[in-house]
Amino acid sequence: MRNKTTRKYARTGLARSALLIAACTFAGAATTRADDVGPTLPAGLDQVVYATRAFGPDGHYYANFGYYCFDPQQKVYSQGGGGLWRLDLRTGEVTALLQDDQGGIRDPVVHYDAQKVLFSYRQSGADHYHLYEIQLDGTGLRQLTDGPYDDIEPAYLPDGDIAFSSSRCHRWVMCWKTSVAILHRCDPDGGNIRPLSSNAAMENTPAVLPDGRLLYTRWEYVHRSQLCYHHLWTMNPDGTGVMTFYGNMHPTGKPYQLASQDGNVVRYDNVPGAVAMLGARPIPGTRKVVAIFSPGHGRTEHQGYVTIIDPRSGPDDPPSAQRIHSGGNWRDPQPVAADTFLVARGRELHLMDAQGRTRLLHQLRDASPEIMLHEPVPITVRSRERVIPCRRDPADATGTLVLADVTRGRNMEGVAPGEIKKLLVLEDLPGPFHNSPGFDGISLWGTFTLTRILGTVPVEPDGSAHFMAPAMRSLFFVALDEHDLSVQNMQSFVTLQPGETTSCVGCHEPRTTAPANPGHASLLALRRPASRIEPLAAVPEIVDFRRHVQPILEQHCVECHGPQRADGQLRLDRGRDIPSHGRGQVHSSYMALVNRLGEVADGRNAHGNRPPRSMGSSGSKLMSRFDGTHHDVRVSSDQLATIRCWLDAGAAANGTYAAMDGGSAERPSPLYIREMQRYGILPPTFDPAREPFDAYATDQAYWQSFWHRPPAAPTRQLGNHSPL
């Protein structure tokens with residue numbers, strides 16, 4: 001008997017052209033032959049919702065919305081139309097819930113009561129994805145969010161709200177040409193939208209764990225490789241309690257990757273990419289999750305290997321992730337039982353079990369060749385997860401951090417108790433645009449982002465610290481000794497929600513480690529009020545080579561390393577400007593310095609979790625050039641502090657994002673101006689050729705636009721010129 005296809009078109013009231021009539025003829029349901037060995041449909045699994053659309057033009061897993069920075073008319077999102085469909089697995093009947101011949105539909109999730117579906121929809125003629133709901137009979141289409149932003153990958157929360165990723169964060173991927181989306185939250189009707197994160201890079205595919213936490217993919221590269229760290233994290237639905245779920249430590253072991261070497265002069269290259277862990281979903285009745293491990297830097301539309309993760313051995317245990325199928329082009333695994341999953345591949349919907357056996361359930365037949373099947377979700381009633389009480393207080397400008405013992409960690413061998421005296425508090429700063437795959441004038445094989453120096457906080461003799469820090473900022477730390485030299489560097493970041501108190505066991509400690517007994521009733525740092533961050537009066541909050549380090553070299557170094565005399569074939573005079581892996585320009589002296597092996601130990605775009613004193617001021621040979629042992633060269637204490645903090649803050653070549661894409665602090669790239677106007681930082685009519693322009697002040701206004709400001713709360717001072 002021929003399978004019947006039913007079409008019920010939901011419309012938005014907008015005039016449209018024909019609705020992909022030719023694209024909605026599908027194969028019937030379960031098409032497995034009688035002699036195929038594969039999983040059986042679980043009891044109660046009768047219907048599925050899925051989306052259809054083409055793949056987008058970009059090969060990166062994260063690049064699937066918005067436009068390319070070099071030209072707003074060049075779109076990153078997929079084109080050619082799409083639809084939202086309900087499939088009856090028993091009869092093969094397919095119902096079109098929504099079709100749009102020029103729009104885009106993605107990321108469906110079925111409500112707890114199995115009566116409606118939440119999804120992301122870009123209407124025909126529009127450029128942005130927004131959140132919508134529709135009843136599962138195809139009626140009641142309702143738009144939840146709007147504005148010049150992309151809202152994608154939603155998840156229902158057990159208290160009725162919605163978590164999702166959004167480009168409302170106004171930032172760009174700092175190693176590519178596309179926009180960033182990070183986690184946000186809204187009310188059930190789309191109101192009261194607020195960010196849950198301050199990440200400078202991407203966050204994707206949130207899902208709710210049985211205990212009520214959000215599980216999601218977090219991409220970060222704080223002074224380490226941009227290719228290796230797209231791993232799984234959790235947070236409470238209010239943004240508190242951020243913690244790694246699986247990954248973030250591995251890969252490790254490479255402080256740099258050399259392309260070539262001639263004596264002490266080197267050329268660097270990227271360390272190999274690892275895997276992007278995407279679309280993780282909890283497996284019912286277990287503590288495990290299933291995810292796609294997308295090879296390298298992550299493939300388009302999250303293609304990769306279906307992998308089951310058992311977190312019981314902690315987030316740093318590689319054997320806890322087990323690939324269950326050899327194919328590397330699967331997408332969107334969705335558990336339907338403890339050992340059975342819906343998965344998409346190309347134009348097909350499959351059932352896969354934990355042994356990797358598959359059964360073809362459905363296939364697109366007569367749709368346009370470029371149209372693929374995406375994001376299958378079962379239509380089943382499900383229980384709400386635990387509701388975690390809110391721990392944030394919007395009336396507070398700060399959060400509080402407690403560190404039990406800074407000397408405890410996986411890479412703290414040889415660090416004596418009491419050796420660490422302070423923590424240097426730093427802030428990773430997002431970028432307002434980006435138009436290259438490289439460092440683009442910010443560094444050369446070092447940092448992709450700029451870093452703000454907030455100041456220092458004390459560490460007690462027992463290794464403990466207790467301090468307030470600004471909320472909703474991406475903070476990381478450098479452990480300093482009595483000479484203010486780096487002992488250990490954090491290469492990740494923490495975000496505090498307003499009013500949140502959180503803690504760490506140690507410094508890079510294994511996540512299965514419990515706090516040690518300090519031998520006294522309480523940590524020394526908890527016997528006093530929380531410290532305030534002490535600014536560094538002699539050091540600019542953003543230290544860069546061009547403005548701050550080059551003048552020191554001109555004063556003390558160019559006599560022996562200049563145009564008249566270049567000892568060791570090293571010139572440190574200002575020289576000329578040279579492109580730095582993009583159109584952004586750096587001084588030739590900067591390039592000569594960072595291309596000397598070990599002279600500047602700034603991360604080198606490689607792995608994290610380094611041994612003590614191997615990064616920053618302690619790991620850089622440059623520091624020893626100014627202590628009197630190198631031809632009696634001595635600098636002032638303020639100059640030494642500037643060099644030291646420059647190294648510990650990532651050793652940036654330029655201190656403004658206006659220097660990217662061939663721009664400068666005086667005349668920025670037109671792309672910088674365009675995006676700053678779009679964000680409302682610069683007036684729409686601003687013309688840098690005719691009006692005064694201060695790139696550094698413009699950057700500051702951009703960053704401050706993200707700061708959490710309590711309603712009607714007075715502004716207080718924290719860190720180096722940084723109001724809370």
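**Group meeting: a strand, a loop and a helix pair**

Asp107 sits in strand 7, which covers residues 104-110. Its phi is near 60 degrees, a positive value in a residue that is not glycine. Take a look at that one on the screen.

Before going further, a word on the source. This is a predicted model. Mean pLDDT for the protein is 92. Residues at 70 or more make up 93%. Where does pLDDT stay under 50? Residues 1-35 are one such stretch. The model still gives residues 1-35 a count of 89 contacts beyond four places in sequence. Residues 713-724 also have pLDDT below 50. That stretch has 39 contacts in the model beyond near neighbours in sequence.

Back to the backbone. Which peptide bond is cis, with omega near 0 degrees? The one from His250 to Pro251. Pro251 belongs to the loop that runs between strand 18, residues 243-246, and strand 19, residues 258-262.

Now the helix pair. Helix 1 spans residues 545-556, and helix 4 spans residues 637-648. They pack with their axes 10 Å apart. The angle is about 130 degrees. So helix 1 counts as oblique to helix 4. And the handedness? Helix 1 and helix 4 make a left-handed crossing.

Who touches whom? From helix 1 we have Phe545, His548, Val549, Ile552, Gln555 and His556. They meet Gln639, Thr642, Ile643 and Trp646 of helix 4. What is the class make-up of this contact? Five residues are nonpolar, five are polar, and none is charged.

Last topic: aromatics. How many aromatic pairs does the structure hold? There are 22. One of them is Phe545 with Trp646. The ring centres are 5.6 Å apart, and the planes make 45 degrees. That pair is tilted. Phe545 is in helix 1 and Trp646 is in helix 4, so to speak two distant parts of the chain, 101 residues apart.

To recap: Asp107 has the positive phi, the His250 to Pro251 bond is cis, and helix 1 packs with helix 4. Thanks, everyone.

Methods
Residues numbered from 1 in each chain as written. Predicted model: local features only at pLDDT ≥ 70, side-chain atom pairs only at ≥ 80, totals over all residues. Heavy atoms only, no water. pLDDT = per-residue confidence, 0-100. Contact = heavy atoms within 4.5 Å. Axes fitted to C-alpha atoms, helices over the stretch in contact; angles between N-to-C directions. Helix = DSSP H or I, 4+ residues; strand = E, 2+ residues; numbered from the N terminus. Parallel < 35°, antiparallel > 145°, perpendicular 65-115°, else oblique. Left-handed = near helix turned anticlockwise from the far one by under 90°. Nonpolar A, V, L, I, M, F, W, Y, C, P; charged D, E, K, R; others polar. Phe/Tyr/Trp six-rings, centres within 6.5 Å; stacked < 30°, edge-to-face > 60°.
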